[in-house]
Amino acid sequence: MQIPDSYNQKNSLFNAMNRFIGAVNNMDQTVMVPNLLRDVPLTDGDDLKANGTGPGPGPSPGPSPGPADGYFQRDSDMYGSYILLKSIRDDIEWGVLQGDERRREKAAAAAAEVTHAAVAGEDDLEKQFHFHLHGLHMVLSKLTLRANTLTSRYKEEVGCGN
């Protein structure tokens, strides 16, 4: 049985992950010399909107502070974004490999969440799920945009056409 591709399916988390992985794979195949990306600054949201590839009004696709700061520490130029995007793709495809320190931090955070969830009750679980699902979808969309932008900028830098 085949299900028609509806609007909801196009915006599913699975499809967002596939779009992101596809964009990073395309970027990885296009960028033949990653070192050319060193010291090339990232574009800001205005450049993305001017090229017609931006998400429209709203925050730029740049990194935001938060629990995933470990990802964004390497993200100072296009080379940092390239490494970041490949790392996130690998984490999605193969799982997250973490050091002992990161495991301890996550274990402490998980214990605090379990305590909070037990106090908040099970009615909050659906709200929490939708909140995190929405957040993950937004982050994946921004990362996909960044991968596509990096691919386009690399082509401009090396003088390639489409």
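Predicted model: local features only at pLDDT ≥ 70, side-chain atom pairs only at ≥ 80, totals over all residues.
Colleague: What should helix 2 span, and how far apart are its end C-alpha atoms?

Modeller: The expected span of a helix is 1.5 Å times one less than its number of residues. For the 18 residues of helix 2 this should give 26 Å, and the end C-alpha atoms are 25 Å apart, which agrees.

Colleague: Which residues of helix 2 are buried?

Modeller: A residue is called buried under 20% relative accessible area, exposed over 50%, and partly exposed in between, using a 1.4 Å probe and protein chains only. An α-helix has 3.6 residues a turn, so residues three or four places apart point the same way. In helix 2 the buried residues are Ala16, Phe20, Ile21, Ala23, Val24, Met27 and Thr30, and in the protein chain as a whole, buried residues make up 25% of the 162 residues.

Colleague: Which residues have the most contacts inside the largest nonpolar core?

Modeller: A nonpolar core is a set of buried Ala, Val, Leu, Ile, Met, Phe, Trp, Tyr and Cys residues joined through side-chain atoms within 4.5 Å. The largest one here has 20 residues, and those with the most contacts inside it are Phe20, Met27, Val31, Leu37, Leu85 and Leu150. At least two residues of this core come from each of helix 2 (13-30), helix 5 (78-94) and helix 7 (123-158). With contact meaning heavy atoms within 4.5 Å, leucine 85 touches Phe20, Val24, Met27, Leu143, Arg146 and Ala147, leaving aside residues up to four places away in sequence.

Colleague: Which salt bridge does lysine 86 form?

Modeller: A salt bridge is a side-chain nitrogen of Lys or Arg within 4 Å of a carboxyl oxygen of Asp or Glu, and by this rule the count comes to three. Lysine 86 pairs with aspartate 28, with the closest N and O atoms 3.4 Å apart. This pair links distant parts of the chain, since lysine 86 is in helix 5 and aspartate 28 in helix 2, 58 residues apart.

Colleague: Is arginine 89 buried or exposed, and which salt bridges involve arginine 89?

Modeller: Aspartate 28 also forms a salt bridge with arginine 89, the closest N and O atoms being 3.6 Å apart. Aspartate 28 lies in helix 2 and arginine 89 in helix 5, so this pair ties together parts that are 61 residues apart in sequence. Arginine 89 is buried, with a relative accessible area of 8%, whereas aspartate 28 is partly exposed at 24%. The side chains of arginine 89 and aspartate 90 meet in a further salt bridge, at 3.4 Å from N to O. Through shared partners, Asp28, Lys86, Arg89 and Asp90 are joined into one network.

Conventions:
Residues numbered from 1 in each chain as written. Heavy atoms only, no water. Helix = DSSP H or I, 4+ residues; strand = E, 2+ residues; numbered from the N terminus.
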